[in-house]
Amino acid sequence: MCFWISYQIIAAETHVRYTGMVNIAAEKIANTIKGMERSANNVFDEVTKQMDTPDAVINALRSKSDLNAEVRGYFAAFEPNYFPEMGRWFEPYVHQADTTGEYSVRQVGSARHNYFKSEWYVRAKEAKHALWSEPYYYYDGTSISGHYTTFVKPIYDAKGKLMCICGADMTFEWLAKELAEMDEMNKENIMMSKYRMFRDLDFYTVILDHDGTCIASPEGKAASTSDEEVVSDLTEGKYGIAKMVVDDKPSTVYYGPIKHIDWSIAIVVPQYDNLNPLLVVGGILLAIAFIGFIIIILVYRKVKYAETI
């Protein structure tokens with residue numbers, strides 16, 4: 001009975017510990033994403049005011065491109081032949097250079113990069129409101145190739161006609177760093193470590209897309225899933241707990257939604273780390289039981305000895 005009660009108490013404490021961490025991490029990531037949206041909208045508003053010429057659009061993109069250091073680049077992808085002199089594809093892209101951190105401008109729209117068929121362009125045009133794209137890999141043989149997600153917003157003229165889709169590109173590098181920093185902070189947190197209950201705190205945090213794909217994680221770690229129940233929860237933005245094997249280790253995964261975007265935070269905890277408190281408590285209870293048994297035997301022998309006198 002004592003062991004069962006101890007198990008229930010430790011299970012409840014573990015649940016509260018990690019679901020609380022999921023909520024805190026989700027809120028932190030959501031706030032960062034909202035900050036990116038605000039800075040992106042400031043750039044998009046500036047572009048909307050400068051639609052007279054291609055150069056004016058480029059200058060508008062450059063004027064506020066340093067509002068958020070985590071945004072890799074800003075662009076305006078125009079409808080076909082919006083500026084006749086620029087041809088069918090006109091997509092000026094202001095982006096950070098890898099070596100200097102300064103911003104440069106490129107015209108990336110072309111038959112090779114036919115952005116009219118890109119998922120982010122099609123979805124934003126159909127939705128008629130701002131949204132985040134699905135994660136994707138962009139490659140053009142240059143330094144801006146990589147894995148991205150993009151915050152996009154359709155821009156309309158006074159008559160309600162679509163002029164362009166503006167976008168802000170974000171790589172997943174900053175997310176991986178932020179996740180690693182959050183894990184380190186949680187492990188060093190006095191309130192967390194004071195009552196670790198014999199745990200090694202060998203957990204880590206990842207971000208999952210709605211299809212179960214791991215899109216950001218600390219370096220060298222990942223935790224994708226194809227479990228139908230988990231993927232259903234991720235798609236519907238639900239909280240949950242799942243048992244799965246991650247990196248050949250039986251683990252418990254605690255997950256929950258991130259507001260404003262179709263992603264979820266997941267904390268991966270090896271099962272041995274969750275079992276450590278129970279094993280220690282079980283050992284203590286066995287030791288107490290053994291000592292009690294020895295005491296009973298000694299008392300019994302004394303009583304029997306006393307009866308013989």
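These are my notebook entries on what I looked up in this predicted model.

**Aromatic pairs**

I began with the aromatic rings, and a search of the whole structure gave me 17 aromatic pairs. One of them joins Tyr18 and Tyr254, which are stacked, with 5.2 Å from centre to centre and 25 degrees between the planes. I then looked up where the two partners sit: Tyr18 belongs to helix H1 (residues 2-49) and Tyr254 to strand E11 (residues 249-257), so this pair ties together parts that are 236 residues apart in sequence. For accessibility I noted that Tyr18, at 0% relative accessibility, counts as buried, and that Tyr254, at 5%, counts as buried too.

**Positive phi values**

Asn81 is not a glycine, yet it has a positive phi of about 60 degrees. I found Asn81 in the loop between strand E1 (73-78) and strand E2 (92-96), where it is partly exposed, with a relative accessible area of 41%.

The other entry is His260, a residue other than glycine with a positive phi near 80 degrees. His260 lies in the loop between E11 and strand E12 (263-270), and its relative accessible area of 46% makes it partly exposed.

**Helix H4**

I checked the length of helix H4 (residues 173-188): at 1.5 Å a residue its 16 residues should span 22 Å, and the end C-alpha atoms are 23 Å apart, which agrees. I then asked which residues of H4 are buried, and the list reads Trp174, Leu175, Ala176, Glu178, Leu179, Met182, Asp183 and Asn186.

**Salt bridges**

How many salt bridges does the structure hold? I counted three salt bridges, and I took them in turn.

In one, the side chains of Glu79 and Lys125 meet at 3.3 Å, N to O. I noted Glu79 as buried, because its relative accessible area of 16% is under 20%, and Lys125 as partly exposed, with a relative accessible area of 39%.

Another salt bridge joins Arg123 and Glu119, and the closest N and O atoms are 2.8 Å apart. Both of these residues lie in helix H3, four residues apart, which is about one turn of the helix. Arg123 counts as partly exposed at 29% relative accessibility, and Glu119 counts as partly exposed at 28%.

My last entry is the salt bridge in which the side chains of Lys238 and Glu236 meet at 3.0 Å, N to O; Lys238 is partly exposed, with a relative accessible area of 40%.

Note on methods. Residues numbered from 1 in each chain as written. Predicted model: local features only at pLDDT ≥ 70, side-chain atom pairs only at ≥ 80, totals over all residues. Heavy atoms only, no water. Phe/Tyr/Trp six-rings, centres within 6.5 Å; stacked < 30°, edge-to-face > 60°. Helix = DSSP H or I, 4+ residues; strand = E, 2+ residues; numbered from the N terminus. Buried < 20%, exposed > 50% of the residue type's maximum accessible area, 1.4 Å probe, protein only. Expected span 1.5 Å × (residues − 1). Salt bridge = Lys/Arg side-chain N within 4 Å of Asp/Glu carboxyl O.
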